[in-house]
Amino acid sequence: QVHLVESGGGLVQAGGSLRLSCAASGRTFSRYYTAWFRQAPKKERQFVAAITWSGGRTNYTDSVEGRFTISRDNGKNTVFLQMDSLKPEDTAVYYCAAKENLASPGYDYWGQGTQVTVSS
């Protein structure tokens, strides 16, 4: 079992930056493929970025490529999402998710989410 807790959300003006953190407890987090998702009001949950357990490979949705950076510190059991050049359309609840099997279509563990609001 892995317990995920997100933090770092808040209100920021367009063009600003935020850094989200996802702190994990429980089983060895360093062996988990970890991702960030987001869900805006009245919209479906959307994939944002993902990182392999070693941090050697990352993947981003097109709309955040070049603005967001996912990273991890396995020694601290934490995954980060650095968000720069934020836009109002980035406003959403951001969720951290983890899975042990990279080939699995779904994620095994989810955090409770952290709100990000970008004002124009």
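This is a predicted model: local features need pLDDT of at least 70, side-chain atom pairs count only at pLDDT 80 or more; totals for chains, interfaces and linings use all residues.

Residues are numbered from 1 along each chain as its sequence is written, and side-chain values use heavy atoms, with hydrogens and water left out.

**Exercise 1.** Describe the surroundings of Thr78: where does Thr78 lie, and which residues does Thr78 touch?

Step 1. Find the element: Thr78 belongs to strand 8, residues 78–83. Strands are DSSP runs of E with at least two residues, numbered from the N terminus.

Step 2. Check the accessibility. Buried means under 20% relative accessible area, exposed over 50%, and partly exposed in between (1.4 Å probe, protein chains only). Thr78 has 10% relative accessibility, so Thr78 counts as buried.

Step 3. List the contacts (heavy atoms within 4.5 Å). Leaving out residues up to four places away in sequence, Thr78 touches Ser21, Cys22, Ala23, Phe29, Arg72 and Asp73.

**Exercise 2.** Work out which residues are linked in a network of salt bridges.

Step 1. Start with the rule: a side-chain nitrogen of Lys or Arg lies within 4 Å of a carboxyl oxygen of Asp or Glu. By this rule, there are two salt bridges.

Step 2. Take the pair Arg38 and Asp90, whose side chains meet at 2.9 Å, N to O. This pair links distant parts of the chain, 52 residues apart: Arg38 is in strand 4 (residues 33–39), and Asp90 is in the loop between strand 8 and strand 9 (92–99).

Step 3. Now take Asp90 and Arg67, which form a salt bridge at 2.8 Å, N to O. Here the partners are 23 residues apart, with Arg67 in the loop between strand 6 (58–60) and strand 7 (68–73).

Step 4. Asp90 counts as buried because its relative accessibility is 1%.

**Exercise 3.** Is the aromatic pair of Tyr33 and Tyr107 stacked or edge-to-face?

Step 1. Recall the rule: rings of Phe, Tyr and Trp (its six-membered ring) pair if their centres lie within 6.5 Å; planes under 30 degrees apart count as stacked, over 60 as edge-to-face and the rest as tilted. The structure holds six aromatic pairs.

Step 2. Apply the rule: Tyr33 and Tyr107 are 6.4 Å apart, centre to centre, with 25 degrees between the planes, and the pair is stacked.

How values were computed
Helices (H or I, at least four residues) and strands (E, at least two) are DSSP runs, numbered from the N terminus.
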